[in-house]
Amino acid sequence: MAFAFLYANVVFLCTCQQRSAMNIYEIGKLNLSGRNFAFKSISEFLGKNFQNQLFLFDGLLFIICIKGTAKITIDYKEYQIDPNNLVVILPRRIYSMKDCSDDLEVGMVLVSSDFLCHLPITLDFDLLKKMAVRPSVKLEEEKLDDLRKIHFIINRYNSEEKLARQIQDTLIHSLILITASSFGNLPLNPDRTFSRQETLVRKFFDLLVDSCETQRSVAYYADKLCVTPKYLTTVVKSISKHPAQNWINEAVLICAKRYIMTTDLTIQQIADRLHFLTASSFVRFFRTHVGCSPLEYRKKANQDL
């Protein structure tokens, strides 16, 4: 569930259906040629026979329709794509395209979860909810032109030189912010009503955002929400497909990775900030869930930059 925490509180907004028994092609970092992002045409990336196939990506996917039309299904809900439409697909969402016109021309920008963890900003949760509910928006010509220019400049600095990569990373940050601003004025689907269970899950994720650095037990969140730990676990798993403890652990890991990759804090200092009793208990927790120590993770992250 890498980086899934940032999108945890938008999962419940989608109808939770069982995944199709069809094969799902999972796009991984290897498909990005070792980089943390990629710009591709749809046929370059998904292949010529991409229609009606199911895809999954553990990062952000931006689809920009240049000309032609198509339909895209995201977690089994269908959306129309027309020229100048921008579609944002959040991490771990199943999507498929169909009914593509012969003149369809689509550009894709894929940003890996590893890159998202390096962002110097915290994405706005209300904005992420809007993207989950209404993933497609028509771009103003001015913004579309800005995205094209950013794409052009990123390609100009396409080299392994350290400064060139830093320039590209900064421009990708700008691209994400420009894209996010296109969704900023959209209403958050006022016609949508929530069941009691969905409302509970919303409150759990809101509480998790505020408390994840200090509280790691389901019992704490259940007590705050006036339910039993067993009931909270059952409801969260029913709505989000993962137990409450998994989301709590994921939230702590995201905080830990951000400290590891974007600060010079020692492991002891990070353990203190995350309210672990000792540095060794933090290291054990991190190694259990990530597969390496925090120091090994920091070293690898610095090499990938």
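View 1. Tyr221 is buried, with a relative accessible area of 0%, where buried stands for under 20%, exposed for over 50% and partly exposed for in between (1.4 Å probe, protein chains only). Tyr220 is partly exposed, with a relative accessible area of 22%. This is a predicted model, in which local features need pLDDT of at least 70 and side-chain atom pairs count only at pLDDT 80 or more, whereas totals for chains, interfaces and linings use all residues. Residues are numbered from 1 along each chain as its sequence is written, and side-chain values use heavy atoms, with hydrogens and water left out. A search of the whole structure finds eight aromatic pairs, a pair being rings of Phe, Tyr or Trp (its six-membered ring) with centres within 6.5 Å, called stacked if the planes are under 30 degrees apart, edge-to-face if over 60 and tilted for the rest. The rings of Tyr220 and Tyr221 have centres 5.1 Å apart and planes at 90°, so they form an edge-to-face pair.

**View 2. The rings of Phe286 and Tyr297.** With centres 5.5 Å apart and planes at 75°, the rings of Phe286 and Tyr297 are also edge-to-face. Phe286 lies in helix α12 and Tyr297 in helix α13 (residues 294-304), 11 residues apart, so that the pair links distant parts of the chain; helices here are DSSP runs (H or I, at least four residues), numbered from the N terminus. Both Phe286 and Tyr297 are buried.

**View 3. Asn249 in helix α10.** Asn249, which sits in α10, is buried, with a relative accessible area of 14%. Leaving aside residues up to four places away in sequence, Asn249 touches Phe285 and His289, contact being heavy atoms within 4.5 Å.

Terms used
Helix = DSSP H or I, 4+ residues; strand = E, 2+ residues; numbered from the N terminus.
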